[in-house]
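Here is a brief report on one protein chain. Look over the sequence and the structure before reading on.

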Amino acid sequence: MPSRGILGVGSALVDVLARVDEAFLPRVGGEKGGMMMVESERQDEWISALAAPPAMAPGGAAGNTIFALAHLGMPVAMLSKLGRDECGAFYRQRLLEAGGSDIEFLETDAARTGRCLSLVTPDSERTMRSYLGASQLLTAAEAAAVDYARYDLIYVEGYLLFLPDVVPTILRCARKAGCRTAVDLASFEVVRIFREQLLELLKHDVDLVFANEEEAAALLGDGLSESETALRLGALCEVAAVKLGRRGSLIVRSGTLTPVAAVPARAVDTTAAGDSWAAGFLYGYLCGLPDAACGRVGSLVAAEVVQVMGSELPPERWDRIRMEIPTMKA
C-alpha cells in the first residue's frame with residue numbers, strides 16, 4: 001500500500017451512456033470504437049436523437065482509474081478543472097463518496113464541466129465523442145503548481161496531450177519530486193497524432209505505460225506479433241502493459257514477458273474496461289505484487305466492469321472484488 005497516494009491527471013468528464021444500434025454511428029462520424037473531440041452542441045444534438053434517455057456517471061479515462069482505485073481502498077486524488085455547475089459538483093461529490101480526495105480539483109466559470117458521450121453498440125463496443133469543457137482549460141502553469149511530493153505515483157491519461165505542454169510539465173515535475181509516473185496511451189487516434197512526442201516522453205519521463213493492442217500498433221507499427229509489440233514497448237519504460245481484451249494481457253518488465261489470462265465475463269458494455277484494468281494492475285504494483293498477480297487483479301476488476309453499463313459498479317461487486325483479490329496474490 002502506498003504511503004502517500006496516487007494522483008490521477010486527466011479530463012474530469014461526466015459520462016453520458018447510451019445503447020445504440022450500428023445504424024446510429026454514422027451520425028457521429030469517425031471510426032467505430034475510437035474517440036473524437038466534439039462541441040457540446042453536437043453532443044446535445046446526438047443525445048436528443050437517442051431512442052431512450054441516457055445514464056449518467058462520473059468518467060474520464062484517468063477518472064475511471066482513480067475512482068476504481070478509491071473503491072479498492074487506495075488513497076487517491078485527481079487533478080482536473082471543473083466548471084462551477086451541477087456536473088462539477090456531482091463529480092466532486094462522487095469522488096468523495098468513493099473515498100478519494102478533492103484537494104486537487106480546480107474550478108472555473110469560463111466553461112461547463114466536460115462530458116463524454118459513450119455510444120454502446122450490441123457487440124458491447126463503445127464509441128466516444130467527448131467535449132472536454134472546463135478540463136481543456138488546465139494550463140501548464142497550473143500543473144506545475146501542484147505539490148507532487150504528496151504522492152507516490154502520478155497517472156496521466158494520453159488525452160491531455162491535446163493541451164499544450166501540460167503532459168511534459170506534469171511528468172518533469174513529478175519525477176523531480178521523486179514520484180513514479182504512469183501514462184495510458186488513451187486511443188489510437190491520440191497515438192497517431194502525438195506519436196513522436198509520445199516516444200520521447202516514454203523513453204525519458206515515464207516508468208509505466210498502458211496500451212491496448214491498437215494503440216501499441218499505432219505507436220510501434222503494424223506487422224509485429226503481440227509479443228514483439230509488447231517487448232518493444234517494454235524497452236521504452238520500466239513496465240509496459242498491453243491489454244488484449246478477452247485474450248488477457250501482456251506485461252513486460254526489464255525484458256521479461258508475462259502473459260496474463262482474462263477473467264471470463266459476459267460483457268454488456270466495454271466502457272472503462274481498460275481504465276479499470278489499469279486500476280487493478282496499479283493496485284497490485286503499488287502493493288508490491290508480482291507482475292502476474294498485478295495482471296490478475298487488473299483482469300478481475302475489468303471483468304466486473306464489463307458486466308454493467310458504464311464505469312460504476314454497485315457496492316456488492318466491489319465487496320466481491322476485495323474478497324477475491326487475496327486469492328490472486330500468489
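This is a predicted model: local features need pLDDT of at least 70, side-chain atom pairs count only at pLDDT 80 or more; totals for chains, interfaces and linings use all residues.

## Overall form

The C-alpha trace spans about 50 × 45 × 40 Å along its principal axes. The protein chain holds 11 helices and 14 strands.

## Burial and contacts

Of the 330 residues, 58% count as buried. Take the contacts with a separation of 6 or more: 76% of them join residues 24 or more positions apart.

## Nonpolar cores

In soluble globular proteins, nonpolar side chains tend to be buried together. The largest nonpolar core here has 52 residues. Within this core, L7, Y148, I154, V156, I170, L219 and L233 touch the most other members. Helix α6, residues 188-205, gives the largest share, seven residues. A second, separate core has 50 residues, including Y155, W277, L300 and L313.

What does L7 touch, leaving out residues up to four places away in sequence? Among them are I66, A77, M78, L79 and E104. L7 also touches V146, Y148, Y151, L153, I154 and Y155.

## Surface and charge

The accessible surface of the protein chain is about 13,000 Å². Carbon and sulfur atoms hold 52% of that surface.

The protein chain has 32 positive and 43 negative side chains. The centres of these two sets lie 3 Å apart.

Note on methods
Residues are numbered from 1 along each chain as its sequence is written. Side-chain values use heavy atoms; hydrogens and water are left out. Helices (H or I, at least four residues) and strands (E, at least two) are DSSP runs, numbered from the N terminus. Buried means under 20% relative accessible area, exposed over 50%, partly exposed in between (1.4 Å probe, protein chains only). Contact means heavy atoms within 4.5 Å. Accessible areas come from the Shrake-Rupley method with a 1.4 Å probe; for residues, only the protein chains shown count as cover. Lys and Arg count as positive and Asp and Glu as negative; His and the chain ends are not counted. The place of a charge is taken as NZ of Lys, CZ of Arg, CG of Asp or CD of Glu. A nonpolar core is a set of buried Ala, Val, Leu, Ile, Met, Phe, Trp, Tyr and Cys residues joined through side-chain atoms within 4.5 Å.
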